[in-house]
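Reader: I am new to this structure and would like to learn how to read it. Could you walk me through some of its features?

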Amino acid sequence: MPDLDHDRWMRRAIELAYRSPNSVTAFAVGAVIVTPEGQVIAEGYSRDDDPHVHAEESALIRAAGDPRLATATLYSTLEPCTARHSRHVTCTNLIIAAGIPRVVIAWREPDIFVTCEGVATLTAAGIEVIELPELADLARGANAHLGL
C-alpha cells in the first residue's frame with residue numbers, strides 16, 4: 001500500500017474549511033476521504049449543504065456505501081466530535097460505523113462549545129489517529145471568526 005501524502009491531503013481539507021460559512025456557534029472544518037492510492041472518495045466542509053452538517057458527516061454522506069472506505073483515510077482539520085448540539089449521531093460514531101481505519105487531524109477541538117474526546121474514542125475503537133500539529137495554525141485560521 002502506498003504511503004499517503006498527509007501534508008497534501010490535510011492542506012486540501014484546510015482549503016475546504018475556509019469555504020465553511022461562518023457561525024458563532026460552530027467551527028469551520030474541512031474533511032477529505034482518500035484511498036490508499038490517493039483517490040478522493042468524498043469531500044465536505046462545515047455547513048456545506050445544511051446549516052448543521054459537520055465536515056466529516058458531509059463527506060461520509062457522500063461516500064455512503066463505498067467499499068473503499070474499509071481502507072480509506074479521513075482527513076479532518078479538527079478532531080471529530082464526540083458530542084454535539086445539532087444532531088444525535090456524532091462524527092466519531094459515523095466514522096466508526098463507516099469502518100474507516102485511519103483518521104488524520106490538524107488540531108484537537110478546544111472546549112468552547114462541547115467537550116470533545118474524539119481522539120480517545122477513535123483510538124479505543126481501533127482506529128489509527130495521526131495528528132499533524134505543524135498544520136494546526138493553518139486549520140485554526142479558518143476559525144478566526146471565533147477569535148481563535
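**Rings, a central strand and a helix**

Author: Welcome! Let us begin with a cluster: Phe27, Trp107 and Phe113 are linked by ring pairs. Rings of Phe, Tyr and Trp (its six-membered ring) pair if their centres lie within 6.5 Å; planes under 30 degrees apart count as stacked, over 60 as edge-to-face and the rest as tilted. This is a predicted model, where local features need pLDDT of at least 70, side-chain atom pairs count only at pLDDT 80 or more, and totals for chains, interfaces and linings use all residues. Residues are numbered from 1 along each chain as its sequence is written, and side-chain values use heavy atoms, leaving out hydrogens and water.

Reader: How many aromatic pairs does a search of the whole structure find?

Author: The search finds 2. In one, the ring centres of Phe27 and Trp107 are 5.9 Å apart with planes at 90 degrees, so this pair is edge-to-face. Phe27 sits in the loop between helix H1 (6-17) and S1, and Trp107 in strand S4, so the pair ties together parts 80 residues apart in sequence. Helices (H or I, at least four residues) and strands (E, at least two) are DSSP runs, numbered from the N terminus. Phe27 also forms an edge-to-face pair with Phe113, at 5.1 Å centre to centre and 75 degrees between the planes.

Reader: Is Phe113 buried or partly exposed?

Author: Buried means under 20% relative accessible area, exposed over 50%, partly exposed in between (1.4 Å probe, protein chains only). Phe113, at 26% relative accessibility, therefore counts as partly exposed, while Phe27, at 7%, counts as buried.

Reader: What can burial tell me about strand S3?

Author: In S3 (residues 73-78), 6 of the 6 residues are buried, so the strand is largely enclosed by the rest of the structure.

Reader: Which way does S3 run relative to strands S1 and S4?

Author: Two strands pair if DSSP finds at least two bridges between them. S1 (residues 30-34) and S3 are antiparallel, joined by 4 bridges, and Ile33 stands opposite Leu74 in S3. S3 and S4 (residues 102-107) run parallel, with 5 bridges; Thr73 has Arg102 in S4 as its bridge partner.

Reader: Which residues of helix H3 are buried?

Author: Cys91, Thr92 and Ile95 are the buried residues of H3. Viewed down the axis of H3, they fall within an arc of 100 degrees (taken from the directions from the helix axis to the C-beta atoms), so they line one face of the helix. Just after H3, Gly99 has a positive phi of about 80 degrees.
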